[in-house]
Amino acid sequence: MLVALIARDKPGAIATRKENRDAHLAYIEDTGHVLMAGPLIEEEEMVGSLVILEVTDMEAAEKWAEDDPYAKAGLFESVQLTEWKKVIG
């Protein structure tokens with residue numbers, strides 16, 4: 001199943017994002033569940049993340065999200081996981 005993870009950073013947390021970026025990218029590479037991902041941008045600053053996961057079930061998506069180094073560092077104000085259906089692309 002495909003799951004869209006939409007996470008919003010805590011206000012003023014850009015330093016936390018930058019400090020944990022390498023670990024986050026390594027986690028993406030190591031787990032093999034990410035089809036595409038990138039930061040959400042507002043006023044030319046990173047303010048969150050969009051990650052499309054390919055997982056067996058929602059529980060696996062929740063586990064992936066919990067183990068993300070960004071989440072462990074306390075970067076996110078909110079995280080939403082929603083089943084997603086690819087139609088175009």
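**Entry 1, ground rules.** I am working with a predicted model, in which local features need pLDDT of at least 70 and side-chain atom pairs count only at pLDDT 80 or more, while totals for chains, interfaces and linings use all residues. Residues are numbered from 1 along each chain as its sequence is written, and side-chain values use heavy atoms, with hydrogens and water left out.

**Entry 2, the sheet.** I looked up the strands (DSSP runs of E, at least two residues, numbered from the N terminus), taking two as paired if DSSP finds at least two bridges between them. Four strands make an open sheet in the order β2-β3-β1-β4, with antiparallel pairing. The edges are β2 (34–42) and β4 (76–84), each of which pairs on one side only, and from one strand to the next the twist averages 15°. I then followed β1 (residues 2–9) and β3 (residues 45–54), which run antiparallel and are joined by seven bridges; Leu2 stands opposite Glu54 in β3.

For helices I took DSSP runs of H or I with at least four residues, and for contact, heavy atoms within 4.5 Å. Angles run from 0 to 180 degrees between N-to-C directions, with axes fitted to C-alpha atoms, for helices over the stretch in contact. Helix α1 (residues 14–31) packs on the sheet and touches β1, β2, β3 and β4, its direction making about 20° with that of β3. Helix α2 (residues 58–67) lies across β1, β2, β3 and β4 and runs at about 155° to β4.

The axes of α1 and α2 come within 11 Å and cross at roughly 150°. Tyr27, Ile28 and Thr31 of α1 make the contact with Lys63, Trp64 and Asp67 of α2.

Leaving aside neighbours within four places in sequence, I find Trp64 in contact with Leu5, Tyr27, Ile28, Thr31, His33, Val34, Val51 and Leu53.

His24 lies in helix α1, and it counts as buried because its relative accessibility is 6%, where buried means under 20% relative accessible area with a 1.4 Å probe, protein chains only. Beyond neighbours within four places in sequence, His24 is in contact with Asp68, Pro69 and Tyr70.

Definitions and conventions: Buried < 20%, exposed > 50% of the residue type's maximum accessible area, 1.4 Å probe, protein only.
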